[in-house]
Amino acid sequence: MSLAELMIAVMWAGLTAYVLLGGADFGGGFWDLLAGGTRKGAEQRDLINHSIGPVWEANHVWLIFVIVLCWTGFPEVFAAVSSTMYIPLTLVALGIIARGAAFAFRKASTELGHRRVYGFAFALSSVLTPFFLGTVAGGIASGRTPAGIAAGELVGSWVNPTSALGGVLAVAIAAYLAAVFLCADARREGADALAETFRRKALGTAAVTGAVALGGIAVLHADAPRLYAGLVGKGLPLILVSVLGGVASLALLVRRRYLPSRVAAAVAVAALLWGWAVAQYPLVLLPDTTIEEAAAQPAVLRVSLVVTLVGAVLLLPSLWWMFSLFQRVQPHSTGRGTSLSE
Amino acid sequence: MTGSPATELLAEAASPADLVAARIQMALSLGWHIVIACFGVGMPAITVFAEWRGNRTGDEVYRLLAQRWAKAMGVLFAVGAVSGTILSFEMGVLWPGMMDTYGQVIGLPFTLEGFAFFIEAIFLGIYLYAWDRLSPRVHVLTGIPVCVAGVASAFFVVTANAWMNQPRGFDLENGRVVQVEPWAAMFNPAAWPQTVHMIIAAFMVAGFGMAAVYAAALLRGRRDRYHRLGFLIPFTVGAVLTPVQIGVGDWAAKFLAENQPIKLAAIEGVHETARNVPLHVGGIYQQGEMRYAFEIPNGLSLLAHWTPNGRILGLAEAAAENRPPVNIVHWSFQIMVAIGFGLLLLGIWCGLVWWRRRSFPRNRVFLALATAAGFAAPLALEFGWITTEVGRQPWIVWGRMRTAEAVTPVPGLYGGLIAVAVVYLVMTVATIYVLRRLARAPLAPQEHDEEHA
């Protein structure tokens with residue numbers, strides 16, 4: 001494996017973490033939006049708030065990490081994508097502001113009216129942000145962001161069938177991951193009825209996500225033939241792993257085995273992402289920019305990889321501690337069961 | 001794949017008007033972010049100190065202050081994190097020309113900053129939400145990585161900005177960078193004066209900003225111990241650092257005299273290279289001349305070189321199209337320095353009274369000025385930042401790449417600017433409103449409080 005390949009693999013690992021963890025937080029916003037009226041949805045919103053409150057800041061940092069590794073390791077790619085995708089990326093940026101700020105403001109507000117407004121801003125931007133990110137992914141995957149500054153179409157690069165598929169799939173995946181993750185959270189907190197609610201949602205979104213992904217094959221066949229060829233060619237084993245993961249997570253949900261179902265769902269989503277990467281390998285931008293050509297100087301790649309390795313030694317135990325700290329039922333309190341009955 | 005003819009036509013060149021839009025958008029988002037980021041750098045240390053004192057003395061007032069500050073920190077960190085993320089988008093969306101060529105040269109400090117920010121986010125999540133889950137001793141310890149990572153973030157990100165002033169660690173070959181040395185780029189000569197100046201500024205903004213909240217309350221007659229301590233702890237931080245900052249500022253100015261003389265010439269409005277150059281206070285630069293300024297004879301030569309006949313390079317040394325806009329830079333610098341000395345006097349006043357009476361001045365004038373200091377310190381920060389950024393123009397990478405070469409050729413940047421401006425306006429109003437509410441609410445940031453809120 002060359003330095004450039006290692007670098008893009010590290011970037012892709014960061015992207016996977018963002019899609020799984022940050023994606024689940026976006027999905028939390030999706031369910032917040034659909035939770036229903038203030039009183040009816042209170043229980044669900046409480047659980048979502050409680051689950052993502054302590055971790056969403058950290059989950060969000062994966063995105064910054066991926067962006068920075070991109071401009072360090074593949075500066076041309078970063079410049080090409082961000083200039084051609086000016087419009088959807090500006091919308092993503094606005095969505096990230098609205099979402100993060102509104103979530104924090106809602107938590108700090110006490111008046112119902114304000115909480116409603118902030119909650120709506122949080123929930124709506126939680127749906128729009130992954131959608132626009134998905135359109136960017138679709139534009140890259142279908143070869144609409146060629147190398148060069150603003151060399152692609154300003155509008156057509158993200159308004160096209162593959163981008164639409166990417167956007168819808170991103171929202172569906174976020175909702176699916178969140179529903180699966182929240183099942184286990186609800187049960188751990190002793191809110192069994194709520195766990196059932198999210199189990200139904202998880203089963204529903206699993207079906208929808210699977211259908212969108214399968215239906216998407218036809219879209220790719222027509223709109224992104226090179227990606228399609230890669231997905232049914234060298235990417236096929238990973239696509240099959242993804243399908244298996246999805247089916248397994250469904251089966252485990254049916255049997256109410258929520259923790260293993262989480263793992264299966266994560267495998268399904270991660271395999272899809274890596275399937276895309278393998279399908280497109282060795283190109284980083286279609287039609288002909290390879291990973292090696294677009295990579296930064298070897299000295300830059302080497303330093304970045306060493307720094308990332310050292311950083312990971314600090315980061316991973318910290319992350320592990322944070323997640324385990326908040327996954328435990330609180331020792332000094334009465335647990336979530338009572339406060340949920342509010 | 002090529003763009004449609006229409007896109008190509010539009011993409012031919014960014015009009016000067018669009019360059020202005022991109023610069024305003026960057027100035028707005030960065031100017032907004034740095035004030036919030038200062039609280040992210042300075043506030044954790046002040047908060048952790050109060051919590052530590054509370055744990056050691058068993059004094060509930062300290063603990064209550066720490067919990068209140070932690071809650072505000074949570075809100076500020078959230079808006080700081082999102083406004084910082086936007087900047088990483090804007091680097092590519094607005095300045096693809098710079099990132100295409102130099103992204104790899106300045107990638108290292110940003111990667112390091114990414115890790116520092118990550119650690120900060122993780123431990124801040126723990127610090128804010130685990131008051132009930134950890135023992136007081138362990139809890140206060142979880143605040144330490146937040147403090148360290150905050151300062152480290154500021155250090156790393158400012159080294160990248162310093163690189164834009166003193167680009168090092170690469171060669172150019174046919175417009176592509178070769179021989180990149182990431183560490184040499186990061187530890188460029190401007191890195192130390194700029195990072196130290198910025199980190200101290202961050203603590204001053206946080207210190208005076210936090211103190212102002214309590215100064216305003218003291219002014220309204222709430223003189224209990226809670227408000228007195230809430231004022232005294234952060235104000236001391238700001239006041240003690242002010243003279244240090246003035247010294248560091250002098251170091252930074254001497255650095256300019258040596259390494260970026262055109263920027264110093266713009267700051268002082270010096271047109272012709274000369275010796276025995278006076279220091280200009282106020283004044284307007286017109287047709288190569290500083291008019292209506294109060295002059296301190298030999299002042300600039302003395303300050304820059306420690307000798308009255310020190311030689312100062314003038315703006316005339318640079319071609320007209322390579323000179324920064326003098327009046328903006330000159331006045332921004334003047335205001336920053338004026339505020340700095342104002343804060344110094346305020347700190348001396350407080351220190352003298354403390355020395356005589358073991359308590360800080362309680363009169364209305366002092367408290368009103370201390371409240372104003374909470375706004376003045378971030379203002380000085382903004383003007384300092386305008387000095388360094390506008391003083392680098394027309395270069396985005398000093399001497400290497402013009403800002404006009406870095407900007408995206410995409411049309412319609414005004415649309416993006418308007419959208420971003422509206423979002424920032426809403427976010428500013430909401431942040432101030434939420435912080436004001438937090439300052440009034442009599443509670444500590446416990447997990448269960450938030451659920452019942």
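Because the model is predicted, local features need pLDDT of at least 70 and side-chain atom pairs count only at pLDDT 80 or more, while totals for chains, interfaces and linings use all residues. Residues are numbered from 1 along each chain as its sequence is written, chains are lettered from A and ligands numbered from 1 in the order in which they are written, and side-chain values use heavy atoms, leaving out hydrogens and water.

**Chain A at a glance**

- Chain A has 14 helices and 2 strands; helices here are DSSP runs of H or I with at least four residues, strands are E runs of at least two, and both are numbered from the N terminus.
- Its radius of gyration is 20 Å, close to the 20 Å that the globule rule gives for 342 residues, so chain A is as compact as a globular protein of that length. (That radius is taken over C-alpha atoms, and the rule is 2.2 Å times the number of residues to the power 0.38.)
- Along the principal axes, the C-alpha trace of chain A spans about 60 × 40 × 35 Å.
- Of the 342 residues in chain A, 62% count as buried. (Buried means under 20% relative accessible area, exposed means over 50%, and partly exposed is in between, with a 1.4 Å probe and protein chains only.)

**Chain B at a glance**

- Chain B comes to 16 helices and 8 strands.
- The radius of gyration of chain B is 24 Å, close to the 22 Å from the globule rule for 453 residues, so this chain too is as compact as a globular protein of its length.
- Its C-alpha atoms fill a box of roughly 65 × 65 × 40 Å, taken along the principal axes.
- Buried residues make up 61% of the 453 in chain B.

- Helix α10 of chain B, residues 261–268, is mostly covered, with 8 of its 8 residues buried.
- Among those buried residues are Lys263(B) and Glu268(B), along with Ile262(B) and Leu264(B).
- Just after α10(B) comes Gly269(B), which takes a positive phi of about 65 degrees.
- Another glycine to look up is Gly84(B), in helix α3 (residues 60–94) of chain B.
- Gly84(B) is buried, at 18% relative accessible area.
- Gly84(B) and His33(B) sit 51 residues apart in sequence, yet their C-alpha atoms are 6.3 Å apart in space.

**Salt bridges**

- Over all chains, the structure holds 14 salt bridges. (Each is a side-chain nitrogen of Lys or Arg within 4 Å of a carboxyl oxygen of Asp or Glu.)
- One of them joins the side chains of Glu76(A) and Arg176(B), at 3.7 Å from N to O.
- That pair crosses between chains, running from helix α4 (residues 75–84) of chain A to strand β2 (residues 176–178) of chain B.
- Both ends are partly exposed: Glu76(A) has 25% relative accessibility, and Arg176(B) has 36%.
- Within chain A, Asp223(A) pairs with Arg144(A), their closest N and O atoms being 2.9 Å apart.
- This bridge links distant parts of the chain, 79 residues apart: Asp223(A) is in helix α8 (residues 192–223), and Arg144(A) is in the loop between α6 (112–141) and α7 (161–188).
- Asp223(A) is buried at 18%, and Arg144(A) is buried at 15%.
- Over in chain B, Arg225(B) and Asp59(B) form a salt bridge with closest N and O atoms 2.7 Å apart.
- These two are 166 residues apart, with Arg225(B) in helix α9 and Asp59(B) in the loop between α2 (16–57) and α3.
- Arg225(B) is partly exposed at 36%, whereas Asp59(B) is buried at 16%.
- Salt bridges with shared partners also tie Asp185(A), Arg188(A), Glu189(A) and Arg262(A) into one network.

**Surface patches on chain B**

- Trp183(B), Phe187(B), Trp192(B) and Trp251(B) make a nonpolar surface patch of about 450 Å². (Patch residues have over 30% relative accessible area and no salt bridge; nonpolar side chains, meaning Val, Leu, Ile, Met, Phe, Trp and Tyr, are joined within 5 Å, and like charges within 9 Å. Areas come from the Shrake-Rupley method with a 1.4 Å probe, and for residues only the protein chains shown count as cover.)
- Trp192(B) lies in helix α8 of chain B and counts as partly exposed, at 45% relative accessibility.
- A positive patch is formed by Arg223(B), Arg356(B), Arg357(B), Arg362(B) and Arg364(B). (Lys and Arg count as positive, Asp and Glu as negative, and His and the chain ends are not counted; a charge is placed at NZ of Lys, CZ of Arg, CG of Asp or CD of Glu.)
- Arg223(B) is found in the loop between α8 (191–219) and α9 (225–259) of chain B, and is partly exposed at 32%.
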